Amino acid sequence: MIRAYRRDGSVEVIGIEPTFGEFPEDIIWIDLIKPTIEEEHLVEGKIGIPLPTPEELKDIEPSSRLYVENEAIYMTASLLYRADSSYPLLTDVAFILYRGRLITIRYAEPKSFALFSASLLRLNGQCDTGATLLGHLLETIVDRTAEILETLAARLDALSITIFVNRKAAKRRPPRFLEDKLLDIASHHQMVSKLRDSLVSLSRLVIFLQSQPIVRREEDAAELCTIVARDIQSLGEHAAFVGNNITFMLDASLGLINVEQNAIIKIFSIASVVFLPPTLVASIYGMNFDFMPELRWSFGYPMALFAMLLSAIIPFLFFRWKGWL
């Protein structure tokens, strides 16, 4: 799909009909969404520059993601999408500045693009060039990243409340409660990891963009890039803080699991020690020797039971006195 945005914020879907002519002068942004080969060839023929292929977008070398060729500025960044689902993913998006226009190529639907498209009408008259438009688009992408981080931080706070509860509530936890929470912590860690990867790629893109003469000549575009760079830096620090919180929650949850397991093992250990002396008494009087005077006592059986009970009570009281129970 090819969407063409005009300076007034209106949008037009471009088809690949043979009768399609040149792009009008007031089209400032050409957005290619999951383009077919025919659509790529159409845009390449109309604007006069080659477009990167999906394989080229996945290249991680800086020279392949940020470069200038034939007066066109090629930039690629990894953006987060499906952030509201259980499996967030990164997608590589190409940003191309050429002769006052912005061309974007993407094979996914990050929410930031939909938000920016909806706000274009409010920016009427503020986006005269592709560089300024790109600055506003990057600002929306960073704002969306900040929103995802805030949502993630709120989820972590709610998760910490469910994990770090008082002892009485902890005793009523269902089986494998903490083990299930470990999966939630792992999903949050995956989200933060992908967010930090996205912020790193955006930071490299903005630094490269600020070094281009076309941006330095435009005051609005340069100011937007400076604001976006500062926001990316602050978000990177906040993402690191959230990542440290996730690491703490993971370590604390594993510690709580070990504590609960040790408590169970302690109960079995104390039970074995408490029942060991009665077992010893019962074993002694279960032997079948001929010369055992106690076997002919009238009160031998009650005395044996009393000895077994006393041998169990004494260790139990000793453990209570030591504070082990």
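A cavity, on a 1 Å grid over the protein atoms alone, is a set of points where a 1.4 Å probe fits but cannot get out; lining residues have an atom within 4 Å of a point. Its volume is the space filled by probe spheres set on the points, which are joined across faces, edges and corners.

This is a predicted model, where local features need pLDDT of at least 70, side-chain atom pairs count only at pLDDT 80 or more, and totals for chains, interfaces and linings use all residues. Residues are numbered from 1 along each chain as its sequence is written, and side-chain values use heavy atoms, without hydrogens and water.

Q: How many cavities of 30 Å³ or more does the whole structure hold, and how much space lies in the largest?
A: The search finds 2.

Q: What makes up the lining of the largest cavity?
A: Strand S5 (72-81), H5 and H7 each supply at least two residues. Helices (H or I, at least four residues) and strands (E, at least two) are DSSP runs, numbered from the N terminus. H5 gives the most, with 4 residues. Among the lining residues are Leu-79, Ile-141, Arg-144 and Leu-202.

Q: Why is H5 called roughly antiparallel to H7?
A: The axes of H5 (residues 130-163) and H7 (residues 177-210) cross at roughly 160°. Axes are lines fitted to C-alpha atoms, for helices over the stretch in contact, and angles run from 0 to 180 degrees between N-to-C directions. Angles over 145 degrees count as roughly antiparallel. Therefore H5 is roughly antiparallel to H7.

Methods. Parallel < 35°, antiparallel > 145°, perpendicular 65-115°, else oblique. 1 Å grid on protein atoms, 1.4 Å probe; cavity = no way out; pocket = protein on both sides within 12 Å on 5 of 7 lines; lining within 4 Å.
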